[in-house]
Amino acid sequence: MTVAPEDVDLSTVDLSDRDWWARPAQERHAALDRLRAEQPFAFFAEPDLPGIPAGPGYHAVTRYADLEAISSQPALFCSGRGAVSMQDVPAELHEFYGSLISMDDPRHAKIRRIVSKTFTPRMLERTLDSVRAVVDDVLARARATAEANGGVVDVVTDLAAPIPLRVICDMMGVPEEDRPGVLARSNVILSGGDPDLIEDDDPLTAFLTAGMEMAALMERLAAERVADPRDDLTTALVRSEVDGERLTHQEIASFFILLLVAGNETTRNAISQGLLALSEWPQERARWAADPSLDRTAVEEVVRWVSPVTWMRRTATRDGEVGGHRFTAGEKFLLFYNAANRDPAVFADPQRFDVGRDPNPHVGFGSKGPHFCLGAHLARRELQVTFRAVFDQLPDLEVTGPPDRLRSSFVNGLKHLPARLTGVR
C-alpha cells in the first residue's frame, strides 16, 4: 500500500512513541517526508521513563542540510550531554552506554585515537578473513536448519544475527560459552523497551542489569589479557596508549557495548532489512546478483535505505541559528538519519531502492564531524561479503511474510523475518 505524505495526519505522529515506529515503513517515511517539507524542526515531548525526570522535549531534524550543519559543529551542538538518549541521564550512565558517541573533545579525540590505533591494517585484514569463514558457516547452518524444518528459516535469527555477533566476538576474543549471553544482553540493551525482549515490567532495570553484566564480562577479559596477552582486539585495547594514557578496563567495557550497538545490531539490521528490500525490489536483486561490480554501490544503498540507527542527539551549548531556526542554549536536537537519507534535495527519486545509485552521500554511518562511524570500513566489507555469499549459496532464499519490527525509535530493527529456501524439499 502506497502512502502519500499529504495523506498523513501530523497530529497522529509522535516520534517519541515506540509503538509509532512499529508501523509500516511506507507510513513512517511518508510522515517524515511531510515533517521535512512542513516542519523541519518539529517539536516533540520526551517519553516518560520510570526513575527519570521528564525533560523539556526536542526538535526533530529531518532535512539533510540541517543534519549536516549540526553534525559539523560539535562545539555548538555537543554530544557529551547524551547522544543516545532523548532524556537527560547521569553523565556516568550515558557515557557508559554511549562510550565515544557520548563524549566531546578533547577527551573524545584522545580516546578515539587510542581505539583507532588498535584497528591496524593487520587486524582488519585478519578480521576480513574471519568474516568470510563466519558467513560461509552461518549460511551452511541456515541451509541445514531449512532442511530440518521443511525449508523454513528466519532471516534474523538464522542469518543476520549470528554473522556480526560472531565477527565481533572473534575480534574481541570472547569465549564461545559467553556468546549466547552477549547476544541476549545486547538484545536487551537495544530493545528500546520492547516487551518481547524484556522479561519483566521494569525495562530500565533490565537495561542497566544487561549493561553491568556485559561490562563485567569485558572487565574480566581485559584483566585476563593483562596476565595472558593474545592476538585479539581486547589485548590490543589493553596495551594501546596515546600520550602515556591507556584505556581503563571500564572504558574497554564501554567500548565493547558500543561495538555491539554500532557493529553488531546495526550490521544485523542492515543484513535483514537489506534482504527484505531485495524481496520487495526483485529486479534490483536480480541486477545485483548478476553483477558483482555492483557490490560497492549496492551496499551503500542498503545502508541508506535501512538507516539502521534512526537518530542521535545533540544539545546546543549556546544560543544560535541553524537552517532558519533560532535556538537557545540547552535545546535538544534529534538527528533523524532515516529522514535525511530520503531527502529529495540530495537523493533523486529517494523512495526508490537502486543498487547502482552513485553518488550516494548517505548518512547511515553518521554525518560530517568527529563522530563518523569508526567501523564503517569493516561494516561495508561485512555487508559485501554477506550479500555476495547469499546470492551464491542461498539463491533460493525467499521472504514469505511481513517482518516483526522492533518497537524502538532508536534502532531500526527486526525481531523476525520469515523465509524459506525453495530448493529444499
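Predicted model: local features only at pLDDT ≥ 70, side-chain atom pairs only at ≥ 80, totals over all residues.
Residues are numbered from 1 along each chain as its sequence is written. Local features need pLDDT of at least 70, side-chain atom pairs count only at pLDDT 80 or more, and totals for chains, interfaces and linings use all residues, while side-chain values use heavy atoms, with hydrogens and water left out.

**Stop one: two helices**

Select residues 282–290, helix α12, and residues 376–393, helix α15. Helices here are DSSP runs (H or I, at least four residues), and strands are E runs of at least two, numbered from the N terminus. The two axes come within 10 Å and cross at roughly 95°. Axes are lines fitted to C-alpha atoms, for helices over the stretch in contact, with angles from 0 to 180 degrees between N-to-C directions. Now show R285, W288 and A289 of α12, then F387, R388 and F391 of α15. These residues make the contact (heavy atoms within 4.5 Å).

Next, select β4 (152–154) and β11 (397–399), the edge strands. The open sheet has 3 strands in the order β4-β14-β11, with antiparallel pairing. Strands pair if DSSP finds at least two bridges between them. Find V399: opposite it stands A419 in β14.

**Stop three: a pocket lining**

Finish with α1 (25–38), α11 (249–280) and α13 (295–306). Each supplies at least two residues to the lining of the second largest pocket. Which helix gives the most to that lining? It is α1, with 6 residues.
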